[in-house]
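Hello,

Here is the structure I promised to send you. Please open it next to this email and follow along.

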Amino acid sequence: MKKLLMVLVVLLTLGLLFAAGRTETKAETEAIELEWWTWDPDMLEQNQQIISAFEEANPGVKINNTIVGTKEYWTKIRIQANQNKLPDVFTMSSGYIEEWAKAGLLYNLDAFIESDDTFDNFYQSIFDSSREISNTDSYYAIPFALVTTVLYYNKDAFDAAGVAYPTDDWTWDDFRKAAKQLTLDKNGDGKTDQWGHWFYGRYAHIEPWVYANNGKLIDKNTMQFNPDKNAMDAIKMLCDLVLVDKVAPPQKDMTSFQQQDVFSQGVAAMWVDGSWFVDTLRKNVGDDMRWGIARVPSGPSGPSELTYGWPDSYAIAPNTKHPETAWKFAKYVAGEGISLDVYMAGKIPSAKKLAEDPLFADPSQQPGEEMNLLIEQANGPMTTSYTMGWSEWRGYGGSESLGLNGTIDAIINGHMGFDEAFKKGTENINAVLKRYYK
Amino acid sequence: MTQPPYRWHSKITPWVFIIPTVIGLLVFRLIPIVSSLYLSFTDWNLLSSPVFINMENYQELLSSEDFLGIVLNTFQFSLIYVVGSIVCGLALAVLINVRIKGIAFFRSAIYLPVVTSAVAVGIIWNWMLGPTYGLVNNLIEAIGLTPPYWLGDTRLALNTVASVQVWKMSGYYMIIFLAGLQGINRDTLESARVDGANAFQSFFRITLPMLMPTLFFVLTITIIDSFKNFELIYAMTKGGPQNASNTLVYDVYLNAFVYYRVGYASAIAYILLIFVGLMTIFNFYIKKHLVQSLD
């Protein structure tokens, strides 16, 4: 009897354990269910509102939103892809489109786009930019926003130093001159209290200058890192700001700052980074400082209207059971069905009706009218350096001290000479690229 | 019909009790350990299926200049951590092994960094060690010296992070040493004092030898702990500048979760396992031949 009881206990324990791990089998229903994965936990409430509105307009469709924390998102969704369980619609980063499209993990959207009015409602330029980044001839993503890079400048500091605000026709000489005038030792202790400009090897700090000088980092024919003269001139100019002009600090001087705080705390009067920092600055600075945004000045090999910018997108699983509904929902959530207040300020909506909304350049919020620069950029030519293995060779996130980022930091920190650093850096970068493009 | 009370259980009973642990151990430890050995011979980006590539990962590792540097960094970190933790832990334990009013406050205060999140510790130390506005450098300047770049200098970054880790964890080893110290018979110490030994002599001739078993226990766990250095490196230097503070554990993270080279990361993890294994064998050897003779 007791033996039987024990066997029962064992079976029950095992049964419970397996039941906990097993996926629930759902009863077959008529309704179409779509899984939708996103990565920003702050969007929970907004996502629920979007879902309610979509479900109301499309009876019989049910959307399940899963929000994964930004840091775990890529690991989790890669495992979903590996298990053939990709959600029907999911957030896709420009940095991974090429790898995923070539691995057959993204739904080819060409047929949909050809047969409907997508480009009446969305900017084709943003879709095209996404296609170019994918390094294929097809559309694999539905961009919901474009991000670009701009020159942030501290209007208070400019006024105090009597320097005119940056304009579209600013040259690099104008920029350097302004940076010199804005570099100040306010208390006379021999140390700089306000730098004219600041940067380190970060992608969004460097590449806008490369493209503003019509430069290229990657040779698209060989898929090797082979910066041309224009690109090297841009990087040299930046390094000289630190090493020769001394109007920007070396990276090692700023290690105690969160990178977005250097500008907002008034330690540097100019800063080039992603347009999404408009939102951060509005929240962090408020009315304590007057600031603006301008186009990154064109180099001597310009003029260049080329913007460093890339879309944030949604993608559809290649094995979705409901491609039409998934496409409809993806377009809805990419802009058709949502309002401007859902966007992080500084991201440019890919849906025309949102980007053309007068509130995009809300005059009551900084930087007011200057926000129209972002729309101009969205309508102009764009480029990036995205390749497969980008985060490794570029040095991004957890590997920020390595790759091209580390190479540039080594120069401005005085650890290595310019040529020596680039020789070593190029070898390492091309070793990475060779693994991906054999 | 009645059975003696000790017969109520059958052979299966102990298994019932250990099943949850065994399942946990298998699923979260043993199966991953064995799988990652297989993965270390593959090329796997998580997206597709692993491709068997023989010894290529190991060949790439052993021919990489950076990897040798990372291995040396790992040992340098361990050395600083083990020596620093033992010296500081023991010194703190001796200092607070007194009965004065308010000692409980100091004991808690010294233990506090142990339970503080490593990321928070990293951020605070980043501020304090900051080159221009940092507290530490301002103090150094105040006495007329030129402060170094604690985290920006390739020669210093690793030492700095290891020292912060020592600062964070010393309180933990202090508690273990304190337990050891309080187990030492006070009569022995008093008779030494009566015989004319000074504080220095009693510490090195009586306290330290009697503390040997504790010391070797702490040595063992500091060696093991010294390899767990991911969080602070992530929070303070991200392995930089230029790999200067990159260690095997951080490199496993980079390859597995930033570059998604899971096979390569597994190979690094196995090399780390070999080092940890050798250290453990060395430890057992010391314990067998040294500690027992002192008991």
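**A buried methionine**

M223(A) is buried, with a relative accessible area of 7%. The cut-off for buried is under 20%, so 7% falls in that class. Keep in mind that this is a predicted model. The backbone at M223(A) deserves a look too. Its phi is positive, about 55°, although M223(A) is not a glycine. Where does M223(A) sit? Look in the loop between β5 (218-219) and β6 (224-225) of chain A.

Find N135(A) in the loop between α7 (124-134) and β4 (142-154) of chain A.

**Two cis peptide bonds**

There is one to find in chain A. The bond from G302(A) to P303(A) is cis, and its omega is near 0°. P303(A) belongs to the loop between β8 (291-294) and β9 (307-316) of chain A.

Now turn to chain B. The bond from G240(B) to P241(B) is cis, with omega near -10°. P241(B) lies in the loop between α11 (230-236) and α12 (248-258) of chain B.

**A histidine and its contacts**

H205(A) is part of helix α10 (residues 203-212) of chain A. Its relative accessibility is 0%, so H205(A) counts as buried. Which residues does H205(A) touch, leaving out those up to four places away in sequence? They are W198(A), F199(A), Y200(A), L238(A), Q259(A), W271(A), V272(A) and D273(A).

**Helix α11 of chain A**

L238(A) is among the buried residues of α11(A). This helix covers residues 229-243 and has 15 residues. From first C-alpha to last, α11 of chain A reaches 20 Å. That is close to the 21 Å expected at 1.5 Å a residue.

What covers the buried residues of α11(A)? The cover includes α9 (172-182), α10, α18 (403-412) and α19 (418-436) of chain A.

**Chain A as a whole**

Chain A contains 19 helices and 11 strands. Its C-alpha atoms fill a box of roughly 90 × 55 × 45 Å along the principal axes. A compact globule of 438 residues would have a radius of gyration near 22 Å; chain A has 25 Å, which agrees. Of the 438 residues in chain A, 57% are buried.

Next, the contacts between residues at least 6 apart in sequence. In chain A, 72% of these join residues at least 24 apart. The accessible surface of chain A comes to about 19,100 Å². Carbon and sulfur atoms account for 51% of that surface.

**Annotated spans in chain B**

An unreviewed UniProt entry gives the annotation "transmembrane region" for chain B. The annotation covers residues 12-39, 78-98, 110-128, 156-181, 202-224 and 262-286. How do two of these spans look in the model? Residues 202-224 of chain B are 96% helix and 0% strand, and the end C-alpha atoms lie 31 Å apart. Residues 262-286 of chain B are 100% helix and 0% strand, with end C-alpha atoms 36 Å apart.

Best wishes

Note on methods: Residues are numbered from 1 along each chain as its sequence is written. Chains are lettered from A and ligands numbered from 1 in the order in which they are written. This is a predicted model: local features need pLDDT of at least 70, side-chain atom pairs count only at pLDDT 80 or more; totals for chains, interfaces and linings use all residues. Side-chain values use heavy atoms; hydrogens and water are left out. Helices (H or I, at least four residues) and strands (E, at least two) are DSSP runs, numbered from the N terminus. Buried means under 20% relative accessible area, exposed over 50%, partly exposed in between (1.4 Å probe, protein chains only). Contact means heavy atoms within 4.5 Å. UniProt positions are given in the numbering used here, feature names are shortened, and annotations may be inferred rather than shown by experiment. The expected span of a helix is 1.5 Å times one less than its number of residues. The radius of gyration is taken over C-alpha atoms; the globule rule is 2.2 Å times the number of residues to the power 0.38. Accessible areas come from the Shrake-Rupley method with a 1.4 Å probe; for residues, only the protein chains shown count as cover.
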